[in-house]
Amino acid sequence: MNKSRKPSEAPEQITDRLFATERRPEDFRFDASVARVFPDMIRRSVPGYTTIIPMIEVISEQYAQPATNCYDLGCSLGASTLAMRHGIAHADCSLIGVDNSSAMIERCEHYIALDDSALPVTLRCEDILDTELSNASVTTLNFTLQFVDPEKRAGLLARIADATRPGGVLILSEKVRFESEDEQAIQTRLHHEFKRANGYSDLEISQKRTAIEQVLIPETLAAHKARLLSAGFDDVVVWYQCFNFVSMLAIKANQTTE
């Protein structure tokens with residue numbers, strides 16, 4: 001009998017060559033061409049991604065509560081959805097993945113079908129700003145908030161916090177910027193060296209940066225923490241950082257009785 005497919009077992013990967021030749025400048029989009037190469041793209045572009053995904057499984061195991069909803073907002077191809085699925089120990093939990101890219105959802109459905117965990121997964125092709133949220137114990141925004149209009153981020157996080165049960169959490173992974181220009185320069189250089197070490201050329205790095213800089217708007221870690229606390233979470237813990245990529249745990253405190 002075959003072993004269960006675990007989220008750390010990456011699906012077949014097609015090499016990302018989207019920016020390998022000169023192309024007309026245009027904003028980055030999560031279309032079919034990106035969906036096709038996305039597993040390879042994110043593995044080679046995001047330092048620590050292959051650590052963050054299995055740790056989402058660990059965190060989900062610790063914080064998912066019986067008879068609650070768990071959300072993966074901006075689920076793309078479902079890597080974090082599958083991690084949550086394998087971490088959730090309660091059969092009566094509902095797991096919902098949401099993405100506004102039909103190309104991503106279509107491929108995500110394929111990977112969910114290959115996985116043999118018994119926990120049902122509902123996929124929604126819709127804008128996370130419109131997603132109905134309720135009775136949540138674990139919500140994941142894995143490199144998703146950075147693509148949301150900055151003016152709409154506070155409202156989204158407030159809705160997530162309001163929907164989160166006491167003892168529940170939000171897992172928020174983001175590319176961040178730094179208040180110090182010197183630190184920003186160092187972290188950016190190291191990130192680019194990480195990409196080069198993973199086989200990206202200077203042309204690919206430059207063209208991808210041009211395409212994404214008007215779409216992905218990073219903020220400082222301090223700004224993230226302040227907004228999460230203002231949204232209604234009681235504590236924010238940075239559990240992972242590699243260069244300019246960070247993952248945080250925003251925690252809703254358990255209710256206490258006097």
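A residue is buried under 20% relative accessible area, exposed over 50%, and partly exposed in between, using a 1.4 Å probe and protein chains only. Accessible areas come from the Shrake-Rupley method with a 1.4 Å probe, and for residues only the protein chains shown count as cover. This is a predicted model, in which local features need pLDDT of at least 70, side-chain atom pairs count only at pLDDT 80 or more, and totals for chains, interfaces and linings use all residues. Residues are numbered from 1 along each chain as its sequence is written, and side-chain values use heavy atoms, with hydrogens and water left out.

Start with the whole chain. The protein chain has eight helices and eight strands. These are DSSP runs, numbered from the N terminus: helices are H or I with at least four residues, strands are E with at least two. Of its 258 residues, 49% count as buried. The accessible surface comes to about 12,600 Å², and carbon and sulfur atoms hold 48% of that. Contact means heavy atoms within 4.5 Å. Among contacts between residues at least 6 apart in sequence, 78% join residues at least 24 apart.

Now the interior. A nonpolar core is a set of buried Ala, Val, Leu, Ile, Met, Phe, Trp, Tyr and Cys residues joined through side-chain atoms within 4.5 Å. The largest such core has 40 residues, and Ile56, Cys70, Met84, Ile88, Leu95 and Val138 touch the most other members. Elements giving two or more residues to this core include helix H1 (32–45), helix H2 (49–63) and strand E5 (164–177). Apart from this core lies another, of 26 residues, among them Tyr71, Val98, Leu156 and Met248. Ile56 touches Ser80, Ala83, Met84, Thr140, Asn142 and Ile171, not counting residues up to four places away in sequence.

Next, Asp234. It sits in the loop between helix H8 (221–231) and strand E7 (235–242). Asp234 is partly exposed because its relative accessible area is 48%. Beyond neighbours within four places in sequence, Asp234 contacts Leu229, Ile251, Lys252 and Ala253. Asp234 and Ile251 are 17 residues apart in sequence, yet 5.8 Å apart C-alpha to C-alpha. The Asp234 side chain reaches the backbone nitrogen of Ala253 at 2.7 Å.

Finally, two backbone angles. Most residues other than glycine have a negative phi. Ser76 has a positive phi, near 45°. Ser76 lies in the loop between strand E1 (69–73) and H3, and is buried at 13% relative accessible area. Asn135 also has a positive phi, about 50°. Asn135 is in the loop between strand E3 (121–125) and strand E4 (136–142). With a relative accessible area of 30%, Asn135 is partly exposed.

Notes:
Polar contact = N/O pair within 3.5 Å; in protein donor to acceptor, adjacent residues only side chain to side chain.
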